[in-house]
Amino acid sequence: MGTAERATPASGGNERNDDELSDGTIVAEKAAATGAARPQPPAEGISEPTPASTGASAGAEPRRSRAGRNLPAALAVGLTLGMLCIAVLIFVPKVFIGVAGVAIGIATWEVAKRLREADVLVPRTPLIVGGQAVFWLGWPLGPGGVTGAFAATALVCMVWRLFDHGLSTAPRNFLRDTAITVFTLAWIPLLASFAVLLLLEEPDGNLRVLTFMILVVCSDVGGYVAGVLFGRHPMVPSISPKKSWEGFGGSLVFAIIGGLLTVTLLLDANSMIGVVLGIGLVVVATLGDLVESQIKRELGIKDMGTMLPGHGGIMDRLDSMLPSAFVSWLVLSTLI
């Protein structure tokens, strides 16, 4: 996502985005599985060849932002998704659970697919089905249903991985694969379930969900604008080279202003709660983005999927939303 991105010179559409590898690392298992060697990106400080330097024509390349994305496509997709979510939350709030449930299922499938491409054999069927149970059981049963479904799914995934090659073959990398499976279960459906709890626990739950989604967008927009215009000091260059402290500051400014307005106007609550919420969401949204960046770095990939032009996959849009759902539930349930 665009949070806290640092400006880099335009390079004719061949520049790397902040999720691409900067240290030349690659997943050996994935390269062996595909049977083709993948070109390693240059180390930091070495410029990549551009169409101008190689004599290739750049006319066929899509127009990209200085952050390395197809900006027109990204804006179109982002605005469409945003308007859809606003309409659903205002007019048919409970339909949002179904929309979000589909997104969570696709995101879980994207991550499981990428993991298996890297020879991490997560059990996809129980992970996806159980993840839906974790997400949906927050509706009739509340937090108890979420935690119960999470524990049951984790146990089923362990047993599934233990015997997925039959009774006569011992599993390989069982500990690694089951640990990553439980991590994925917590990372996607468990964190997403707090959006359901936030929606259903109070009469104004739809406005609470809308508030946290607006603040995440404010964080993204503020980080992108400040990072592109002023970004000079890398935040965590070893994980995400284009994130800057200036961009992080822009995220804070936009999210605090957004928090003041949304908490006051939508929730009719103390404006200082908006300040707390805005700061909290910027911190966890940025960390969520960094977590996914590091996972993609270790897997040797740019995006989790290709479903959303200009963004990547569904998971590439949810990376900062997921931890923000939990923090929003915690702050709003406690302070309002």
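**Salt bridges, burial and a surface patch**

Modeller: Happy to! Asp-177 is buried, because its relative accessible area is 1%, and buried means under 20%. Keep in mind that this is a predicted model.

Colleague: Which residue forms a salt bridge with Asp-177?

Modeller: Arg-176 does, with the closest N and O atoms 2.9 Å apart. Arg-176 itself is partly exposed, at 29% relative accessible area.

Colleague: Which residues are linked with this pair in a network of salt bridges?

Modeller: The network links Arg-161, Asp-164, Arg-176 and Asp-177. Within it, Arg-161 and Asp-164 come to 3.0 Å between their closest N and O atoms. Arg-161 is buried at 1% relative accessibility, whereas Asp-164 is partly exposed at 33%.

Colleague: How many salt bridges does the structure hold?

Modeller: Eleven. One of them joins the side chains of Glu-117 and Arg-114, at 3.3 Å from N to O. Both residues lie in helix α4, three residues apart, about one turn of the helix.

Colleague: What does Thr-181 touch, leaving aside residues up to four places away in sequence?

Modeller: Thr-181, in helix α7, touches Val-122, Pro-123, Leu-127 and Cys-157. The C-alpha atoms of Thr-181 and Val-122 are 5.5 Å apart, although 59 residues separate them along the chain. Thr-181 is buried, at 1% relative accessibility.

Colleague: And is Phe-230 buried or exposed?

Modeller: Phe-230 is exposed, because its relative accessible area is 53% and exposed means over 50%. Phe-230 belongs to a nonpolar surface patch with about 970 Å² of accessible area together. Helices α8 and α9 each give two or more residues to that patch.

Note on methods
Residues numbered from 1 in each chain as written. Predicted model: local features only at pLDDT ≥ 70, side-chain atom pairs only at ≥ 80, totals over all residues. Heavy atoms only, no water. Patch = residues over 30% accessible without salt bridge, like charges linked within 9 Å, V, L, I, M, F, W, Y side chains within 5 Å. Areas by Shrake-Rupley, 256 points an atom, 1.4 Å probe, with all protein chains shown as cover. Salt bridge = Lys/Arg side-chain N within 4 Å of Asp/Glu carboxyl O. Helix = DSSP H or I, 4+ residues; strand = E, 2+ residues; numbered from the N terminus. Buried < 20%, exposed > 50% of the residue type's maximum accessible area, 1.4 Å probe, protein only. Contact = heavy atoms within 4.5 Å.
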